[in-house]
Amino acid sequence: MVQILAASTFPEEVVEADRWVQAHPDLKGEALGQAVDQQPWDPSVKALAAFPSVLGNMDKNLSWTSSLGDAYYNQQQDVMDAVQVMRRKAEAAGALKTTPQEVVQEEGSDIDIEPAAPDVVYVPAYDPWLVYGYPIVGWPGWYPYPGI
């Protein structure tokens, strides 16, 4: 999540990276990492190259990405507080708990989510109404990118 927040402050690079990843579908794993390292993008954007569906969503919903980046850059603590509020809502609804893919634990007043296996990152997909409850208003013009 932190990589997404940081990368959102570089929306132009997100677009470039998504187009680059689409143009190089044959690159995977270590070869992808080495090729991405040669690009001039911020490290947070480079990190998302391994998650083409996330990168694609950020590119196809650039207004959202840019607004998230502005909020994160200008009000980082408020954004992180909002993340914790939403995690608490998901936890209260019974939708946020430890699974074989991720470990959910409380650290003081925060809820942390970590991969169950450090070398594998799981990108969850879910219906926000089921996780957070009604009503959750979608971002105007949100494009549901395939794969998410």
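Predicted model: local features only at pLDDT ≥ 70, side-chain atom pairs only at ≥ 80, totals over all residues.
Student: Is Ala95 buried, partly exposed or exposed?
Tutor: The cut-offs are under 20% relative accessible area for buried, over 50% for exposed, and partly exposed in between (1.4 Å probe, protein chains only). Ala95 has a relative accessible area of 40%, so call it partly exposed.

Student: How far is Ala95 from Tyr126 in space, C-alpha to C-alpha?
Tutor: Along the sequence, Ala95 and Tyr126 are 31 residues apart. Go through space instead, C-alpha to C-alpha, and the gap is 9.7 Å.

Student: And what separates the C-alpha atoms of Tyr73 and Leu5?
Tutor: Tyr73 belongs to helix H6 (residues 62-74) and is exposed, at 65% relative accessible area. Leu5 is 68 residues away from Tyr73 along the chain. Their C-alpha atoms are separated by 8.9 Å.

Student: Which residues form the aromatic pair?
Tutor: Rings of Phe, Tyr and Trp (its six-membered ring) pair if their centres lie within 6.5 Å; planes under 30 degrees apart are stacked, over 60 edge-to-face, and the rest tilted. The structure holds 1 aromatic pair. With 5.8 Å centre to centre and 80 degrees between the planes, this edge-to-face pair is made by Trp20 and Trp41.

Student: How many residues apart in sequence are the parts that this pair ties together?
Tutor: Trp20 lies in helix H2 (residues 11-23), while Trp41 is in the loop between helix H3 (29-37) and helix H4 (43-48). So the pair ties together parts whose separation in sequence, in residues, is 21.

Student: Are Trp20 and Trp41 buried or exposed?
Tutor: Trp20 has a relative accessible area of 13%, which makes it buried. Trp41 comes in at 6%, so Trp41 is also buried.

Student: Zooming out, what pattern does the protein chain follow along the sequence?
Tutor: The protein chain has 8 helices and 2 strands. Of its 148 residues, buried ones make up 28%. Read along the sequence, the pattern is α-α-α-α-α-α-α-β-β-α.

Conventions:
Residues numbered from 1 in each chain as written. Heavy atoms only, no water. Helix = DSSP H or I, 4+ residues; strand = E, 2+ residues; numbered from the N terminus.
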